[in-house]
Amino acid sequence: MSTLRQKFLAFRVYRHRDSAAYGEIYDLFADRIRRFLAFKLPRNEDADELTSEVFLRGWEYMSTGAVNNLNAFFFRIARNLVADFYRKYKITEGIEQAEQYDDGISLEGEVATKIAGDELLETMRTLKDEYREVLVMRYLSEMEVGEIASALEKTPNSIRVLLHRAKKALQGKVQG
């Protein structure tokens with residue numbers, strides 16, 4: 001969807017509290033936000049719950065204030081909610097400690113690509129948090145460098161450097 005269409009929908013939500021326009025926005029961003037949260041949280045149920053919270057807070061803000069960049073807006077809300085989540089449960093060691101909550105789903109019978117995907121996911125969990133964030137935003141959520149910079153409140157150059165370092169770190173862990 002074009003950014004012009006996104007801006008139009010955001011305007012409709014802000015000016016007219018148009019729930020149908022917000023529904024379109026939700027359809028556009030829900031999968032990306034859910035995927036981002038799944039990488040950051042210990043359980044899928046937590047990711048589902050926080051995805052709902054992201055869009056609830058998004059509606060509350062957008063119906064009273066204008067938003068220029070929806071992508072950055074929703075990812076910023078998601079990042080803040082993840083921080084609140086870990087602060088609330090006092091999990092300071094990060095995602096490694098949170099792995100104890102995994103559902104223990106058996107991988108038996110899964111195809112080789114599923115296993116490879118799970119191995120990559122586990123490898124990504126060993127990366128530094130900021131590396132994992134930029135990789136998910138760039139390659140899974142297909143965000144542009146400028147959008148990532150806006151969401152993380154950094155410069156585009158620092159995001160490019162982070163992406164480069166994250167890819168090198170991931171490559172080193174996969175080969176090593």
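What covers the buried residues of helix 8? The cover includes helix 4 (70-88), helix 7 and helix 9. The model is a predicted one, in which local features need pLDDT of at least 70, side-chain atom pairs count only at pLDDT 80 or more, and totals for chains, interfaces and linings use all residues. Residues are numbered from 1 along each chain as its sequence is written, and side-chain values use heavy atoms, with hydrogens and water left out.

The protein contains 9 helices and 0 strands. Helices (H or I, at least four residues) and strands (E, at least two) are DSSP runs, numbered from the N terminus. Along the sequence the pattern reads α-α-α-α-α-α-α-α-α. Of the 176 residues, 39% are buried. Buried denotes under 20% relative accessible area, exposed over 50%, and partly exposed in between (1.4 Å probe, protein chains only). Among contacts (heavy atoms within 4.5 Å) with a separation of 6 or more, 64% join residues 24 or more positions apart.

Helix 8 spans residues 145-152 and is mostly covered. Of its 8 residues, 6 are buried. These are Val145, Glu147, Ile148, Ala149, Ala151 and Leu152. Glu153 follows helix 8 and has a positive phi, near 55 degrees.

Helix 7 covers residues 129-140, 12 residues in total. From first C-alpha to last it reaches 16 Å, close to the 16 Å expected at 1.5 Å a residue. The expected span is 1.5 Å times one less than the number of residues. Buried positions in helix 7 are Tyr131, Arg132, Glu133, Val134, Leu135, Val136 and Met137. Glu142 follows helix 7, with a positive phi near 55 degrees.

Helix 7 also packs against helix 9 (residues 156-175), their axes coming within 9 Å and crossing at roughly 100 degrees. Axes are lines fitted to C-alpha atoms, for helices over the stretch in contact, and angles run from 0 to 180 degrees between N-to-C directions. The two helices are therefore roughly perpendicular (65 to 115 degrees). On the helix 7 side, the contact involves Glu130, Tyr131, Val134, Leu135, Arg138 and Tyr139. Their partners in helix 9 are Ile159, Leu162, Leu163, Arg165, Ala166, Lys167, Ala169 and Leu170. By class, this contact has 10 nonpolar, no polar and 4 charged residues. Ala, Val, Leu, Ile, Met, Phe, Trp, Tyr, Cys and Pro count as nonpolar, Asp, Glu, Lys and Arg as charged, and the others, Gly among them, as polar.

Definitions and conventions: Parallel < 35°, antiparallel > 145°, perpendicular 65-115°, else oblique.
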